[in-house]
Amino acid sequence: DDWQNWWDTNARSMRSENLETEKTHLGIYLTPRSERMLYGLDLTRKLHQEMENFTQSQGGQFAIFVTDVSAKEAKQMEGVHSLNGKYYRTSAAQYHDNLDYINKGFNFMTIPVTTEPWMAGPENPHLNEHANDQVMKDLSIKLEPLIPLVR
């Protein structure tokens with residue numbers, strides 16, 4: 001009943017999520033993957049490819065990153081959730097399969113969040129200022145080898 005509780009209190013802005021059409025942050029966790037989700041994943045891959053092509057045409061290198069908080073969140077989302085009389089199955093495996101599908105063949109990296117606490121608030125799973133600073137610092141170290149020296 002976690003999703004119903006979020007809905008009732010509008011935690012995590014739950015009332016702005018549209019699970020009927022999968023226009024929701026939660027969609028990437030829904031299992032099994034729907035045709036609508038696959039279409040969205042394919043569009044995202046095409047967008048990434050266009051971004052990579054443009055970046056390379058300008059002499060740059062394209063990279064994609066996520067934090068490991070997403071993986072932690074995926075484990076918390078594991079299971080069946082009830083919302084307004086309907087049931088939704090989610091899985092960490094589906095999240096990872098979707099993420100792998102979107103990013104296959106691209107320079108993709110996961111940046112661990114080592115700062116505690118990392119959440120912006122009790123019901124806000126975004127990174128707080130300190131966690132964001134830590135992730136950006138660690139990301140910059142991984143990106144440094146991709147940046148050519150200009151002399």
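Trainee: Between which two strands does the loop that holds P117 lie?

Mentor: This is a predicted model, in which local features need pLDDT of at least 70, side-chain atom pairs count only at pLDDT 80 or more, and totals for chains, interfaces and linings use all residues. Residues are numbered from 1 along each chain as its sequence is written, and side-chain values use heavy atoms, with hydrogens and water left out. Helices (H or I, at least four residues) and strands (E, at least two) are DSSP runs, numbered from the N terminus. The loop that holds P117 lies between β4 (108–111) and β5 (119–121).

Trainee: Which residue does a cis peptide bond join to P117?

Mentor: Most peptide bonds are trans. In this bond, however, omega is about -10°. The partner of P117 in the cis bond is E116.

Trainee: What is omega for the cis peptide bond between T31 and P32?

Mentor: P32 has its place in the loop between α1 and α2. The bond that joins T31 to P32 is cis, with an omega of about 0°.

Trainee: What is the relative accessible area of N10?

Mentor: N10 belongs to the loop between α1 and α2. Its phi is positive, near 55°, although N10 is not a glycine. Buried means under 20% relative accessible area, exposed over 50%, and partly exposed in between (1.4 Å probe, protein chains only). N10 is partly exposed because its relative accessible area is 34%.

Trainee: How are the rings of W3 and Y88 arranged?

Mentor: Rings of Phe, Tyr and Trp (its six-membered ring) pair if their centres lie within 6.5 Å; planes under 30 degrees apart count as stacked, over 60 as edge-to-face and the rest as tilted. By this rule there are three aromatic pairs. The ring centres of W3 and Y88 are 5.7 Å apart and their planes meet at 35°, so this pair is tilted.

Trainee: How many residues apart in sequence are the parts that the pair of W3 and Y88 ties together?

Mentor: W3 is buried at 0% relative accessibility, and Y88 is buried with a relative accessible area of 13%. W3 lies in helix α1 (residues 2–9) and Y88 in strand β3 (residues 86–90), so the distance in sequence between the parts tied together is 85 residues.

Trainee: What is the angle between the planes of Y29 and Y95?

Mentor: Both Y29 and Y95 are buried. Their centres are 5.3 Å apart, and the pair is stacked, with an angle between the planes of 20°.

Trainee: How far apart are the end C-alpha atoms of α4?

Mentor: The expected span of a helix is 1.5 Å times one less than its number of residues. The 12 residues of α4 should therefore span 16 Å, which agrees with an end-to-end distance of 17 Å.

Trainee: What arc do the buried residues of α4 cover around the axis?

Mentor: The buried residues of α4 are A92, Q94, Y95, N98, L99, I102 and N103. The arc, taken from the directions from the helix axis to the C-beta atoms, puts them on the same side of α4 because it is only 165°.
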